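Student: I've got a model open on my screen and could use a hand reading it. Can we walk through it together?

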Amino acid sequence: MGTADGAQGLVLTVEELLGRPLNDIEKKYAPKILYVKGSMRIPLPRPRVSIVGSRKASEEGLHAANRIASTLVKDGVVIVSGLAEGIDTSAHQAALESHGRTIAVIGTPLNKVFPAKNYQLQQEIMNNHLVISQFPIGHPTRPKDFVLRNRTMALISDATIIVEAGEFSGSLHQGWEALRLGRSLFIWKSILENKKLTWPRKMMQYGAMELSNPEDVLEVLPSDLQMPLFQ
């Protein structure tokens, strides 16, 4: 784990970040406080889509994450991911290379970097986009913090796409949370072709959708309408 420079950010509620009150379902696992650092406007622009998946991703998975993120940013979608190795890194980098906007929701405090090799990527997002953490500086990072991070990532995203994930991937926590929140959940086509995996069929039974064309995501997304801070 590395250390980030200049990580002192703003302290916000989720309501302030999203620009609207939360409903009863959203409140159940929502963090009370968020720590944010970056130049993106608050409340956040919409639409926002999470692209998540394996840390040890295949070349096919990395290519898919790049293709999906590059396609979505052309239509103004903000790419959300967790700054982890593999699919997350590919999604963030594609958003930056395509001159789009990206948000990193991290499982550590703002002044920590995990993995350490993503130091430059976190600094770039922290300076010119947005990094979000629900953990205060000094908080000792625990494995369950990444599960909590995935819940928060699902909460702030209008839709989630799982690009590649094994049977016990942390990305599954985000998939189930997206379904619980009533958000659109997409599963990349190659996952569904893997008959060894049981979770894709379970999620499809609860409303997840197969994704083979990234542009299909646009059909379920809200527009960037300005909403009052509190209704």
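Student: Which residues is leucine 17 in contact with, leaving aside its neighbours within four places in sequence?

Tutor: First, a caution: this is a predicted model, where local features need pLDDT of at least 70, side-chain atom pairs count only at pLDDT 80 or more, and totals for chains, interfaces and linings use all residues. Residues are numbered from 1 along each chain as its sequence is written, and side-chain values use heavy atoms, with hydrogens and water left out. Taking contact as heavy atoms within 4.5 Å, the partners of leucine 17 are Leu12, Leu34, Val36, Ile42, Pro43, Leu44, Leu130, Ile132 and Ile156.

Student: How many residues does the largest nonpolar core have?

Tutor: Such a core is a set of buried (under 20% relative accessible area, 1.4 Å probe, protein chains only) Ala, Val, Leu, Ile, Met, Phe, Trp, Tyr and Cys residues joined through side-chain atoms within 4.5 Å. Leu17, Ile103, Ile132, Trp199 and Met203 have the most contacts inside the largest one. Its size is 35 residues.

Student: In what order do the nine strands form the open sheet?

Tutor: Strands here are DSSP runs (E, at least two residues), numbered from the N terminus, and two of them pair if DSSP finds at least two bridges between them. The pairing is mixed, and the order is β2-β3-β8-β6-β5-β4-β9-β10-β11.

Student: Why is one side of β2 and of β11 left without a neighbour in the sheet?

Tutor: β2 (10-12) and β11 (209-211) stand at the edges of the sheet.

Student: What stands opposite arginine 48 in β5?

Tutor: β4 (residues 48-53) and β5 (residues 78-81) run parallel, paired over three bridges. Opposite arginine 48 is valine 78.

Conventions:
Helix = DSSP H or I, 4+ residues; strand = E, 2+ residues; numbered from the N terminus. Buried < 20%, exposed > 50% of the residue type's maximum accessible area, 1.4 Å probe, protein only.
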